[in-house]
Amino acid sequence: PEAGDMDKLKKVLNGDDSVEDGGALSEGVCFLWIPKRGLILFAVFYSIGNIASIGSTLFLMGPVKQIKKMFEPTRLAATIVMLVCLVCTLCSAFWWKKAALALIFCVLQFFAMAWYSISYIPFARDAVIKCFTTCLA
């Protein structure tokens, strides 16, 4: 690899890549400023990003193993909530044409996707629950 490639890799591994390229989040937030359609565009592209995120693990595990793992009893509820939030976001954007509802479903989708993602880390959900109960007690 060339020196420039190694510098780029080093920036990505250190988390400094977003300073140079702008980052995907800031590019997605730009949709919010488009009149009338901004919230809908944001919701749609946010959902597409989450679909791509789930789809990317298909290459790591394979589709059959991915589906089996998604619907294991330990993460069944997280999977169903995540998929329902994803579908409701797209329905509110395309069929119901309710931008505010789409944004609410994006927020729910974020939390559902986070809960689903940490279900793959052993004892992570227990740690998150303990952290929140400690903070709220």
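This report describes a predicted model of one protein chain, from its overall build to single residues.

## Basis and confidence

Because the model is predicted, local features need pLDDT of at least 70 and side-chain atom pairs count only at pLDDT 80 or more, whereas totals for chains, interfaces and linings use all residues. Residues are numbered from 1 along each chain as its sequence is written, and side-chain values use heavy atoms, with hydrogens and water left out.

The mean pLDDT (the predictor's confidence in each residue, from 0 to 100) is 83 for the protein chain, and 77% of its residues reach 70 or more. Over residues 18-23 pLDDT stays under 50, and for this stretch the model has five contacts (heavy atoms within 4.5 Å) beyond four places in sequence. Where pLDDT is low, the predicted coordinates should not be read in detail.

## Overall build

The protein chain has nine helices and zero strands, where helices (H or I, at least four residues) and strands (E, at least two) are DSSP runs numbered from the N terminus. Among contacts between residues at least 6 apart in sequence, 50% join residues at least 24 apart.

Of the 137 residues in the protein chain, 26% are buried; buried means under 20% relative accessible area, exposed over 50%, and partly exposed in between, with a 1.4 Å probe and protein chains only. The accessible surface of the chain comes to about 9600 Å², of which 74% belongs to carbon and sulfur atoms; such areas come from the Shrake-Rupley method with a 1.4 Å probe, and for residues only the protein chains shown count as cover.

## Aromatic rings

The structure holds four aromatic pairs, a pair being rings of Phe, Tyr and Trp (its six-membered ring) whose centres lie within 6.5 Å, with planes under 30 degrees apart counted as stacked, over 60 as edge-to-face and the rest as tilted. One of them joins F42 and Y46, which is stacked because the ring centres are 5.9 Å apart and the planes stand at 25°. Both residues lie in helix α4 (residues 38-56), four residues apart, or about one turn of the helix. F42 is buried, with a relative accessible area of 13%, while Y46, at 23%, is partly exposed.

Y116 and Y120 form an edge-to-face pair, since their ring centres are 5.4 Å apart and their planes are at 85°. Y116 is buried at 4% relative accessible area, and Y120 is partly exposed at 28%. The ring of Y120 also has the charged end of R75 sitting over it, 3.9 Å from its centre; this term asks that NZ of Lys or CZ of Arg be within 6 Å of the ring centre and within 35 degrees of the ring normal.

## Cysteines

A disulfide is a pair of cysteine sulfur atoms within 2.5 Å, and by this rule the count is zero. For C106, the nearest cysteine sulfur is that of C85, 10.0 Å away, and C106 is buried with a relative accessible area of 4%. For C131, the nearest cysteine sulfur belongs to C135 and is 4.3 Å away; C131 is partly exposed, at 42% relative accessibility.

## Two loop residues

K97 has a phi near 55°, a positive value in a residue other than glycine, and is found in the loop between α7 (76-94) and α8 (99-118). With a relative accessible area of 52%, K97 is exposed.

F123, in the loop between α8 and α9 (124-136), likewise has a positive phi, near 65°, in a residue other than glycine. F123 is exposed, with a relative accessible area of 68%.
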